[in-house]
Amino acid sequence: ERDAAAAAWASKSGREGEGGGSSGRPPPPERNTESRMDAAKDVSAVCSLSYHLPRDAVAFGAMRPVFLDDDGTPGDDGDGDVGDEKSAPTGRGDERPIEMSFRGTLRGGIRERILGHYLSGQIDTDELRWDLRSDGQVSPGKYMSLMRDSKFCLHVRGTRVQSPRLVEGMLFGCVPVILADGYAPPLSWLLDWSKFSVRLPEIEYERLPEVLKAANWAELHENLRRVVPFFVYHRTPIAGDALWTTALATARQIERGAKCEGLHTGVNGGETEVE
């Protein structure tokens, strides 16, 4: 509902005069920045539309993930699982000519404001080596090549609660740049996202160039290699994959629920924990 209100405001106000207040437009409606994801009771799901995308990331030579049981020896166990990411090429290096990329639409008031600012021509995105487009569809091959060749992938809040764009970019070694207030990334109860992503409040979007310039991409990317396996499902589950983390999260919530059930109200109205 908040996204719809923001989109309606953006539609009525138009794109011109984004940077000033002289147009007399009312400010965008205030929105609750608290996440709908409650880490105390919810289990976050990995959002991806494609089962074969992890394998494609390997075929494109995008990145070699580091699995919990990885002995550092590339090889294919021959069972045809997506788990054969271990055989990803290692000789390509980290040559990524694009600093940051985005493919998508301008749906949503925040996305229109942020991307509209950088696509307006006022900012020299070519000098920044940014490749941003908002014209919708792109072929799968070009999309995967873009993610493989980009250091950072922009993730701006749109009109949906979840988007596969986040995990898709990560599979290709593209460090996420997140502008989505109140968004709790998947597995945030387990992983420190500040170690492998860049996050910026929506209101500070004009600081993106300086923030990316100061970011240590090599360190973020190396950490990303170590967390990506937690987001990948396999036909035959392995330790440290997405099924493992989902089961771990479920067990965690069951344990937390059991502790809650162990609380009862005493005679004096206070809570007493039952061993």
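These legends accompany close-up views of a predicted model.

**View 1. Five strands build an open, parallel sheet.** The strand order is S2-S1-S3-S4-S5. Strand S2 (130–133) and strand S5 (198–199) stand at the edges. Each has a single partner strand, so one side of each lacks a neighbour in the sheet.

**View 2. Strand S4 pairs with S3 and with S5.** S4 covers residues 175–179. Five bridges link S3 and S4 in the parallel sense. Two bridges join S4 to S5, and this pair is parallel too. His155 stands opposite Ile178 of S4. Ile178 also stands opposite Arg199 in S5. Val177 has Val198 of S5 as its bridge partner.

**View 3. Both faces of S4 are covered.** Val175, Val177 and Leu179 lie on one side. Pro176 and Ile178 lie on the other. All of these residues are buried. Because five of the five residues of S4 are buried, the strand is largely enclosed by the rest of the structure.

**View 4. Helix H8 lies across S3, S4 and S5.** The helix spans residues 217–227, and S3 spans 150–156. H8 runs at about 105° to S4. Its buried residues are Trp217, Leu220, His221, Leu224, Arg225 and Val227. These buried residues pack against S3, S4 and S5, and also against helix H6 (165–171).

**View 5. His117 is a buried residue of helix H3.** H3 covers residues 109–119. The relative accessibility of His117 is 16%, so the residue counts as buried under the 20% cut-off.

**View 6. Arg129 and Glu99 meet in a salt bridge.** Side chains of opposite charge can pair when their charged atoms come close. Here the N to O distance is 2.9 Å. The pair links distant parts of the chain, 30 residues apart. Arg129 sits in the loop between helix H4 (125–128) and S2. Glu99 belongs to strand S1. Arg129 is partly exposed, at 36% relative accessibility. Glu99 is buried, at 14%. A search of the whole structure finds eight salt bridges.

**View 7. Arg207 forms salt bridges with Glu204 and with Glu210.** The closest N and O atoms of Arg207 and Glu204 are 2.6 Å apart. For Glu210 and Arg207, the corresponding distance is 3.6 Å. Shared partners join Glu204, Arg207 and Glu210 into one network. Each member is partly exposed. Relative accessibility is 28% for Glu204, 34% for Arg207 and 49% for Glu210.

**View 8. Four residues make a nonpolar surface patch.** The patch is formed by Leu68, Leu190, Trp244 and Leu248. Its area is about 350 Å². Leu68 lies in the loop between helix H2 (53–59) and strand S1 (98–103). The relative accessible area of Leu68 is 54%, so this residue counts as exposed under the cut-off of over 50%.

Notes. Residues are numbered from 1 along each chain as its sequence is written. This is a predicted model: local features need pLDDT of at least 70, side-chain atom pairs count only at pLDDT 80 or more; totals for chains, interfaces and linings use all residues. Side-chain values use heavy atoms; hydrogens and water are left out. Patches are made of residues with over 30% relative accessible area and no salt bridge: like charges are joined within 9 Å, nonpolar side chains (Val, Leu, Ile, Met, Phe, Trp, Tyr) within 5 Å. Accessible areas come from the Shrake-Rupley method with a 1.4 Å probe; for residues, only the protein chains shown count as cover. A salt bridge is a side-chain nitrogen of Lys or Arg within 4 Å of a carboxyl oxygen of Asp or Glu. Helices (H or I, at least four residues) and strands (E, at least two) are DSSP runs, numbered from the N terminus. Buried means under 20% relative accessible area, exposed over 50%, partly exposed in between (1.4 Å probe, protein chains only). Two strands pair if DSSP finds at least two bridges between them. Contact means heavy atoms within 4.5 Å. Axes are lines fitted to C-alpha atoms, for helices over the stretch in contact, and angles run from 0 to 180 degrees between N-to-C directions.
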